[in-house]
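Please keep the sequence and the 3D view at hand while reading.

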Amino acid sequence: MTGWNWDAISAVSSALGGLGVIISVVFLIYEVRRSAQAIEGATVQSLMSLERDVFGLLVDNADLFIRGRRDRSALTEEDMFRFDKIVGSYMSLGYSGFVQFQERLIDDETWEAYVNAIRAHLIHPGFGKSWDAAKEGYPKSFRDLIDSMARDAA
């Protein structure tokens with residue numbers, strides 16, 4: 001009977017160990033990708049829930065929102081307060097999308113839809129005035145983006 005060739009056993013063990021490392025790395029990459037996809041899906045779902053709430057607020061207050069967008073100063077004090085809170089809710093939805101986009105949790109196409117929707121409201125003078133009244137409550141990067149959109153819309 002021949003003795004064990006420890007050099008051969010060591011080489012086979014090293015090869016198997018290296019193969020194990022490669023399999024582990026491939027599995028880790030796969031799991032990280034799946035996790036990133038799950039996070040993106042959850043982010044989009046969260047934004048959609050927030051959208052549903054904001055759109056419900058708009059529908060429930062459609063007359064006020066339409067009048068306020070046209071001419072905020074023509075509203076009563078109570079209606080102006082409600083209108084400003086509706087605009088604030090809408091802009092908070094936009095800010096949430098902005099943060100998610102900055103963190104790369106939503107894609108460019110989804111963010112572009114948010115930008116287009118905000119831009120569509122900024123062309124209305126009352127909406128813009130309400131934004132001007134509330135914008136200091138948002139971070140500078142978001143304010144700068146919306147203000148540049150407002151200038152482009154004017």
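## Basis and confidence

The model is predicted; local features need pLDDT of at least 70, side-chain atom pairs count only at pLDDT 80 or more, and totals for chains, interfaces and linings use all residues. Residues are numbered from 1 along each chain as its sequence is written, and side-chain values use heavy atoms, with hydrogens and water left out.

The predictor's confidence in each residue is given as pLDDT, from 0 to 100. Its mean over the protein chain is 87, and 93% of the residues reach 70 or more. Among the elements of the chain, α1 has the lowest mean pLDDT (79), while α2 has the highest (96). Helices are DSSP runs (H or I, at least four residues), numbered from the N terminus.

## The nonpolar core

A nonpolar core is a set of buried Ala, Val, Leu, Ile, Met, Phe, Trp, Tyr and Cys residues joined through side-chain atoms within 4.5 Å; buried means under 20% relative accessible area, exposed over 50%, and partly exposed in between (1.4 Å probe, protein chains only). In the largest such core, which has 26 residues, Met91 and Ile146 touch the most other members. Two or more residues each come from α1 (6-60), α2 (62-70), α3 (77-102), α4 (108-122), α5 (125-134) and α6 (140-153). The greatest contribution, eight residues, is that of α3.

Contact means heavy atoms within 4.5 Å. Apart from neighbours within four places in sequence, Ile146 is in contact with Met91, Ile118, Leu122 and Trp131. Trp131 is also one of the buried residues of α5, together with Gly126, Phe127, Gly128 and Ser130. The cover over these buried residues includes α2, α3, α4 and α6.

## Helix packing

Axes are lines fitted to C-alpha atoms, for helices over the stretch in contact, and angles run from 0 to 180 degrees between N-to-C directions. The axes of α4 and α6 come within 9 Å and cross at roughly 55°, so the two helices are oblique to each other. On the α4 side, the contact involves Trp111, Val115, Ile118, Arg119 and Leu122; on the α6 side, Leu145, Ile146, Met149, Ala150 and Ala153.

Angles under 35 degrees count as roughly parallel, over 145 as roughly antiparallel, 65 to 115 as roughly perpendicular and the rest as oblique. With axes 4 Å apart, α2 and α5 pack at about 85°, and they are therefore roughly perpendicular. Phe65, Gly68, Arg69 and Arg70 of α2 meet Pro125, Gly126 and Phe127 of α5.

## A loop residue

Asp107 lies in the loop between α3 and α4. Because its relative accessibility is 33%, Asp107 counts as partly exposed.
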